[in-house]
Amino acid sequence: MDLSSDHAYWRVKSGIIANYPPLEAERACDVAILGAGITGSLIAEALSADGHHVIVLDGRDVATGSTSASTALLQYEIDVHLIDLIAQHGPDKARTAYRACYDAIDLLEERVARLGLEDCNFTRKDSVYLASRARDVPILQAEAEARRQAGIEVHEWSAGDVASHFSFQRPLALHSPQAAEVDAYRLAHGMLAEVRRRGGEVFDRTRVTAVEVDAAGVILQTDRKLKVRAKRVVAAMGYESECLFDTAGLVDLRSSFAIASEPLAEAPGWWRRCLLWETARPYFYLRGDGDGRAIIGGEDLPFRNPAARDRLVNRKGRILEKRFHEMFPAARMESAFAWAGTFGETADGLAYIGSYRKHPLCYFALGFGGNGIIYSVIAAEIIRSSLLGKQHPWALPFKFDR
Ligand SMILES: Cc1cc2nc3c(=O)[nH]c(=O)nc-3n(C[C@H](O)[C@H](O)[C@H](O)COP(=O)(O)OP(=O)(O)OC[C@H]3O[C@@H](n4cnc5c(N)ncnc54)[C@H](O)[C@@H]3O)c2cc1C
């Protein structure tokens with residue numbers, strides 16, 4: 001399956017950042033990580049920091065799966081409201097999930113700073129969640145209260161506040177100072193460079209075709225008929241895990257569309273070039289980037305196949321462009337790149353992270369929705385704790401049997 005269309009902005013912008021060879025000889029390691037997207041690379045860096053000898057294998061080029069299509073807004077606010085998550089899972093698990101997402105933004109900032117990865121452009125931002133319709137107002141008011149009870153800083157903005165910050169009207173908005181934006185493609189490469197400096201190995205264009213478990217650990221077979229022996233395996237294969245593991249039915253696939261504008265010298269009516277999204281579904285969302293571009297996404301659809309998705313790129317791009325112009329009539333925005341990607345959603349909006357009873361010695365990081373990168377950060381923490389024999393305090397809401 002093609003996880004993104006050909007002209008995903010980040011891949012065009014940064015091109016080939018580093019060369020990783022395909023695997024050409026048998027290997028052994030402590031932990032083999034399947035997938036060198038943002039999830040696999042964050043996990044690999046965390047595990048190598050703990051002293052594990054890791055090998056990362058990817059069937060494609062590094063970070064050219066859904067990572068290269070990601071618009072990479074970093075938000076603690078997941079697609080399912082906290083009030084709905086409390087109704088499904090109870091207050092403890094729901095609040096733990098939201099707090100994990102909230103704290104993971106700080107954690108990622110620390111990791112990026114510690115490794116000196118300035119070129120991934122991690123930038124702190126404000127996030128504003130718009131009530132699309134009057135009937136969403138009481139929902140967002142209840143949501144704000146639930147978040148405050150979970151220790152999350154959030155501010156309710158009245159219609160007047162919205163009008164004073166933006167060039168459009170909405171009946172209410174939630175303003176969150178805890179948010180950021182990043183270049184996920186560069187971030188993945190930066191993490192893997194650190195893994196290699198510590199003696200870990202990264203092989204791309206190396207597809208794993210079979211996984212077997214024996215008394216000594218796990219044996220992976222690759223498409224060149226080579227074996228990698230590992231004590232443990234982490235599946236960070238995005239939406240293709242079910243090709244190797246019995247994980248079908250956990251995640252619904254969707255297609256999502258995005259455009260990046262030409263750099264905007266000015267963006268009148270767009271307060272601080274903040275992250276913006278809304279209650280309407282499918283939603284429209286927006287961020288800036290260090291080059292002054294607006295990166296605009298949304299218009300999601302149930303996934304059918306990559307060809308059908310890619311045929312819609314131009315039409316969906318025009319709709320996103322029109323929405324931007326309606327909201328910011330004084331901004332002279334021209335679209336420069338348009339692309340599409342595939343992402344997965346779970347029924348409750350939470351990722352599946354940890355071991356899965358059907359697969360001994362394997363850990364999974366699966367099922368990322370609109371804020372999948374934050375889930376990747378959380379997955380790295382939960383899995384590194386599991387490998388140290390401890391249950392991470394964030395683990396419960398993300399378990400397969402939650
Ligand atoms: C258009 C779009 C916009 C998005 N916007 C946001 C956003 O604003 N914020 C956010 O947080 N998230 C966003 N997401 C979601 C986010 O991009 C994903 O959660 C994230 O990229 C998933 O990363 P990953 O590493 O798990 O998957 P991937 O990047 O897909 O990496 C998985 C890797 O596994 C490899 N693989 C698969 N099978 C095998 C095998 N058998 N052997 C070896 N390798 C294998 C693949 O080749 C692939 O490189 C968006 C997604 C899309 C598509």
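Trainee: How many helices and strands are there in the protein?

Mentor: The protein has ten helices and 17 strands. Helices (H or I, at least four residues) and strands (E, at least two) are DSSP runs, numbered from the N terminus. This is a predicted model: local features need pLDDT of at least 70, side-chain atom pairs count only at pLDDT 80 or more, and totals for chains, interfaces and linings use all residues. Residues are numbered from 1 along each chain as its sequence is written.

Trainee: What makes the radius of gyration agree with a compact globule?

Mentor: Take the rule: 2.2 Å times the number of residues to the power 0.38, with the radius taken over C-alpha atoms. For 402 residues, a compact globule would have a value near 21 Å. The protein has 21 Å, so the two agree. The C-alpha trace spans about 65 × 45 × 40 Å along its principal axes.

Trainee: Why is Asn121 called partly exposed?

Mentor: Count C-beta atoms, placed from the backbone, within 10 Å of the residue's own: 20 or more others means buried, 12 or fewer exposed, in between partly exposed. Asn121 has 17 such neighbours, so it counts as partly exposed. Asn121 sits in the loop between helix 4 (91-115) and strand 4 (123-130).

Trainee: And what makes Arg205 partly exposed?

Mentor: Arg205 has 16 other C-beta atoms within 10 Å, so it is partly exposed. Its loop runs between strand 7 (201-203) and strand 8 (208-214). Across the protein, 51% of the 402 residues count as buried.

Trainee: What is phi at Asn121, and what is it at Arg205?

Mentor: Phi is near 55° at Asn121 and near 50° at Arg205. Both values are positive in residues other than glycine. Most residues other than glycine have a negative phi, and most peptide bonds are trans.

Trainee: Which peptide bond is cis?

Mentor: The bond from Arg281 to Pro282, with omega near -5°. Pro282 is in the loop between strand 12 (275-278) and strand 13 (284-288).

Trainee: Which residues come nearest to the ligand?

Mentor: Of the 41 residues around the ligand, Gly37, Gly65, Gly238, Gly341 and Gly372 come nearest. The test for being near is a C-beta atom, placed from the backbone, within 6 Å. Helix 10 gives the most to this shell, four residues.

Trainee: How many shell residues are nonpolar, polar and charged?

Mentor: The shell has 18 nonpolar, 19 polar and four charged residues. Ala, Val, Leu, Ile, Met, Phe, Trp, Tyr, Cys and Pro count as nonpolar, Asp, Glu, Lys and Arg as charged, and the others, Gly among them, as polar.
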